[in-house]
Amino acid sequence: MTHMLLLYCLVFLLPTESCRTLCQVANKSKEMSPRPQGVCDGVCVDNSHCSQPCPPDSQGNMGFLCRQKKWHKITETCQTLNAFNIFETNLYSIQPLGGNTKVDEYARKPETITDRLMQTCPKDLSCVIRNIRQSPRIPGNIAVIVQLLHNISTVLLTDVDVAKMKSYSIMANHILNSKSISNWTFIPDRNSSCVLLHSVNSFARKLFINKYPIDISDVFIHTMGTAISPDNTGKNFSFSMRVNDTSSEITGQVLISRDELRKVPAPSQAISIAFPTLGAILKASFLENVTVNGLVLSVILPKELKRISLIFEKINKSEEKRTQCVGWHSLESRWDQQACQIIQENSQQAVCKCRPSKLFTSFSILMSPHILESPILTYITYIGLGISICSLILCLSIEALVWGQVTKTEISYLRHICIANVAATLLMADVWFVVASFLSGPVTHHSGCVAATFFVHFFYLSVFFWMLAKALLILYGILIVFHTLPKSVLVAALFSIGYGCPLVIAAITVAATEPSKGYLRPEACWLNWDMTKALLAFVVPALAIVVVNLVTVTLVIVKTQRPAIGSSMFQEVRAIVRISKNIAILTPLLGLTWGFGIAMVVDDSNLAFHIIFSVLNAFQGFFILVFGTILDPKIREALKGRVTSAKWISRISENLSTDFSGHPTKGPS
């Protein structure tokens, strides 16, 4: 009887006590409830960071960055999956009352998910499928599944059969879902998408194919494989998949020619995997602005196969966008144009010829944004640059020729130093611009593009800062007596402004943006706009200098309305007026040029903006020759003097030569 009473107490009182305890804990948690998720305490100061715990049903944290007085989530490690709840079987099996309580042996061992998976269901890896499918696609869970797939591909060295491949594909399919793409951006390890691609390709490489082809199709990953031999007339894999729930299907094909198949040994196999969403996931992970415009197709082939053809249907069928055939560089984690070449293209599809290798296993097509192809732009740019470079060389030659005649006063000397350096820096900028244009883009020549962009940025900035130096020279001449500072100090100041300031700006720009791959535009060797706004490091200083120069010219007009003719400063005032005229003409031209450059960034599809910018930019050297040198009366006078002197010397030489030949000297008789 006593035993029965004790049993009833255990059955009824213990749950009651447990309920009371749980209620107390719940009430206490209400009193100490944390702040709302996704909200950081404290003042939001730009570039400050804060961390926030994940919701109660998950573990991990969320990282926030303050931008423009608002908190923005940048990382998240919230996860619900772990080594215990990812498996279908219960971790702790509780025996009935009176029996022995047996704790699952895995609860006592610090084993990884992969270790337990290999022990629990090594034949088909299916014991984690149900819980993975039911798990939310939050960043922490995605990272857990990526790591699991990576570990599986590493642990299993051989003997991958169709059953294992199906389970593996189901796991990968869950995190490749189009609804999960935005969550990839918050995973702290930016290489997670690369790890996934490499892991799937590595696992498929170990797949053994018998005489029957395999076809494992999921919504967001599709694997096909077949045996191949030199006797085959050709092989192809055809895929048709949806990019998301609302889009229509797009197709992709892998074609292996008969000539290539003759190179393979007899017992060989070919495997291809198609991913409709992986391109967008790679873009989200690396925050790049290059858009994948077709399926990502991976191929696992014998090393003897050197060439394959790939046909990609375009997702975006716009004819204004340039298409590039690319391969994924597995070591450098980037799309590389050197792996493929485009054979044929129309608005619907692109045909690529690619070279598979250990480095290049996955291929696709890129849609380069903000590209407006026009032969008119190409002709204007190169013809204009040729004229500009020749004009600048002529400008510097004229300056060297008349230097002694036009630099007799201090103000003239300083003025011509500015003119010569404006011409020299623009000449170097044009040369580096040509170098940059011959590079095919940052995807192929990244280091060369970084160097070319740095020098183009530096020298174009130098052009503007030397124009600023001329404006400051005017202000110094108007507001302060010129002879208060030695000439050497003024020259040093001019060179510090003309070269020092641009060097600092260009160096800070590349140092701040290149580590995160935000220095270059994806499609060209020039400063990035969409990702880091690095282009502002050129636009803001340039347009600020335009404003300063125009204000300076206005001040000169006000100050020199009634100059004192008899003043000893009359010559210097006239020199200042000449500089002002030069700035008044060149500054609007330079400012207008880069004003249209900004308009191109805002409205990239406008061909008129491109043409106007190309004309103004390409002919800047010609403008400097005309308005900075040829129209200067002092330079024309000096040139006229040099020409007259040259004619006079030539005439004297002719006369002496005639006299000598016409009246020979007679010797003694």
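This is a predicted model: local features need pLDDT of at least 70, side-chain atom pairs count only at pLDDT 80 or more; totals for chains, interfaces and linings use all residues.

Trainee: At what angle do α4 and α7 pack, and how far apart are their axes?

Mentor: The angle between α4 and helix α7 (residues 192-205) is about 35 degrees, and their axes are 9 Å apart. Such axes are lines fitted to C-alpha atoms, for helices over the stretch in contact, and angles run from 0 to 180 degrees between N-to-C directions. Helices themselves are DSSP runs of H or I with at least four residues, and strands are runs of E with at least two, numbered from the N terminus; the protein has 18 helices and 18 strands.

Trainee: How do you know which residues of α4 and α7 meet?

Mentor: Contact means heavy atoms within 4.5 Å. V146, L149, H150, I152 and S153 on the α4 side meet S192, V195, L196, S199, S202 and F203 on the α7 side. By class, this contact has 6 nonpolar, 5 polar and no charged residues, where Ala, Val, Leu, Ile, Met, Phe, Trp, Tyr, Cys and Pro count as nonpolar, Asp, Glu, Lys and Arg as charged, and the others, Gly among them, as polar.

Trainee: Why are α2 and α4 called oblique to each other?

Mentor: α2 and α4 pack at about 55 degrees, with axes 9 Å apart. Angles under 35 degrees count as roughly parallel, over 145 as roughly antiparallel, 65 to 115 as roughly perpendicular and the rest as oblique, so α2 is oblique to α4. Here α2 passes α4 in a right-handed crossing. I113, T114, L117 and M118 of α2 make the contact with V144, L148, N151, I152 and V155 of α4.

Trainee: What makes α11 and α17 roughly antiparallel?

Mentor: The axes of helix α11 (residues 410-438) and helix α17 (residues 620-630) come within 10 Å and cross at roughly 165 degrees, and this value is past the antiparallel limit, so the two helices are roughly antiparallel. The crossing of α11 past α17 is left-handed. R415, I419, V422 and L426 in α11 meet Q620, G621, I624, G628 and T629 in α17. Sorted by class, that contact has 4 nonpolar, 4 polar and 1 charged residues.

Trainee: Why is the pair F455 and F459 called stacked?

Mentor: Rings of Phe, Tyr and Trp (its six-membered ring) pair if their centres lie within 6.5 Å, and planes under 30 degrees apart count as stacked, over 60 as edge-to-face and the rest as tilted. The ring centres of F455 and F459 are 6.3 Å apart and their planes are at 25 degrees, so the pair is stacked. The two residues are 4 apart in helix α12 (residues 446-479), which separates them by about one helical turn. F455 and F459 also belong to one aromatic cluster, together with W432, F454, F458, W466, F495 and Y499.

Trainee: Are F455 and F459 buried or partly exposed, and how do you know?

Mentor: Buried means under 20% relative accessible area, exposed means over 50%, and partly exposed lies in between (1.4 Å probe, protein chains only). F455, at 29%, is therefore partly exposed, whereas F459, at 12%, counts as buried. Across the 669 residues of the protein, 47% count as buried.

Trainee: What makes S135 buried?

Mentor: S135 has a relative accessible area of 8%, so it is buried. It is found in the loop between α3 (129-134) and α4. Leaving aside neighbours within four places in sequence, S135 is in contact with T80, L81, N141 and H174.

Trainee: What is R355 called on this scale, and where is it?

Mentor: At 37% relative accessibility, R355 counts as partly exposed, and its place is the loop between β17 (349-354) and β18 (360-368). R355 and R307 are 48 residues apart along the chain, yet their C-alpha atoms are separated by 4.9 Å.

How values were computed:
Residues are numbered from 1 along each chain as its sequence is written. Side-chain values use heavy atoms; hydrogens and water are left out. A crossing is left-handed if the near helix is turned anticlockwise from the far one by less than a right angle, and right-handed if clockwise.
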